[in-house]
Amino acid sequence: MLISLYRNDRPSLLLSLPLWCAVPWIGGLWHPAPVTVLGQGMVYGSIASWLSGPSWAIMVAGWLLTMLIAAQLVFLLNDAELGGRRNHLPVVLFPLLLALHPQPSSMGPELLGMPLVVLAMRRLWLGNAARAGLSSLFDTGLFLGAASIFHLPYAFLVIVVWAINAVMRPFHWRDHLVPVVGVVLVRFMFWGGAMLLGVQRTVSEPLSSGAPVAVATTANGSYPLLLAGMLAAFTFAAV
């Protein structure tokens, strides 16, 4: 009954989005989840101390982020016509799947980078439909590179991009190279900017109490190598 209701094209169903997206986070009022996830991205360690703050702040931020991702999925599903017909199933399914997480009231790096992943998939699908060519693939790589700043494994979603390209367009070596250039370019630019500004990278390590501690690490400066890599990435992107 509930699934059949949300399989319809009724924009008013989006009004129930705040209610459904509160399901994974409401348990944090009674059992706050400790922030014990290791920071695998470049910036997660920097915000780990904020994530160990009041439980209500984590809940509100997670609730807003969940609504954003669910709305993105609805528009991606309908605009790219991935569901056969227009529907609003992600309004229900995404919060419920998130609630199945072992610690549904915790905010890890994978959730922080997910909006950028959805943007990457939207750019890829709609770009292929509009025959945007290499520009959509490059933009997809840029979004995945930005998501990998929060959660490094998101960079390997470029393999999914390759698989989609293999199905939707004839093989060409540029179609496989351009998304990788986009990912590498974002990470090089972020790393180079951090080095130029003298910003130290921090990673998160859990304590026995569950609260993370930030450990500063510095990059072994090979600035000429970094600059050469950035210039090479720009050169390949312009080919």
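Okay, one definition before anything else: when I say two residues touch, or are in contact, I mean they have heavy atoms within 4.5 Å. And keep in mind that what you're looking at is a predicted model.

With that, let's start at D79. You'll find D79 in helix α4. Leaving aside residues up to four places away in sequence, D79 touches R86, R122 and L126. Take R122: the side chains of D79 and R122 make a polar contact, at 2.9 Å. Then L126: along the sequence, D79 and L126 are 47 residues apart, yet C-alpha to C-alpha the distance in space is 7.7 Å. So is D79 buried, exposed or something in between? Its relative accessible area is 35%, so D79 counts as partly exposed.

Now let's go inside. In general, nonpolar side chains in soluble globular proteins tend to be buried together. Here, the largest nonpolar core has 36 residues. Which residues have the most contacts inside it? Those are Y6, L17 and L111. The largest share comes from α4, with eight residues. As for L111, and again skipping residues up to four places away in sequence, L111 touches W25, L65, I69 and L98. There's also a second, separate core of seven residues, including A146, A147, I149 and V186.

Y6 sits in helix α1 (residues 2–6) and W20 in helix α2 (residues 17–21), so the pair ties together parts that are 14 residues apart in sequence.

Last topic: how confident is the predictor? The protein chain has a mean pLDDT of 74, with 65% of its residues reaching 70 or more. Where is confidence highest, and where is it lowest? Helix α7 (residues 134–150) is highest, at 89, and strand β2 (residues 212–217) is lowest, at a mean of 41. Over residues 201–220 the pLDDT is below 50, although the model gives this stretch 46 contacts beyond near neighbours in sequence. Residues 36–40 also stay under 50, with 19 contacts beyond four places in sequence.

Methods. Residues numbered from 1 in each chain as written. Predicted model: local features only at pLDDT ≥ 70, side-chain atom pairs only at ≥ 80, totals over all residues. Heavy atoms only, no water. Helix = DSSP H or I, 4+ residues; strand = E, 2+ residues; numbered from the N terminus. pLDDT = per-residue confidence, 0-100. Core = buried A, V, L, I, M, F, W, Y, C linked by side-chain atoms within 4.5 Å. Buried < 20%, exposed > 50% of the residue type's maximum accessible area, 1.4 Å probe, protein only. Polar contact = N/O pair within 3.5 Å; in protein donor to acceptor, adjacent residues only side chain to side chain.
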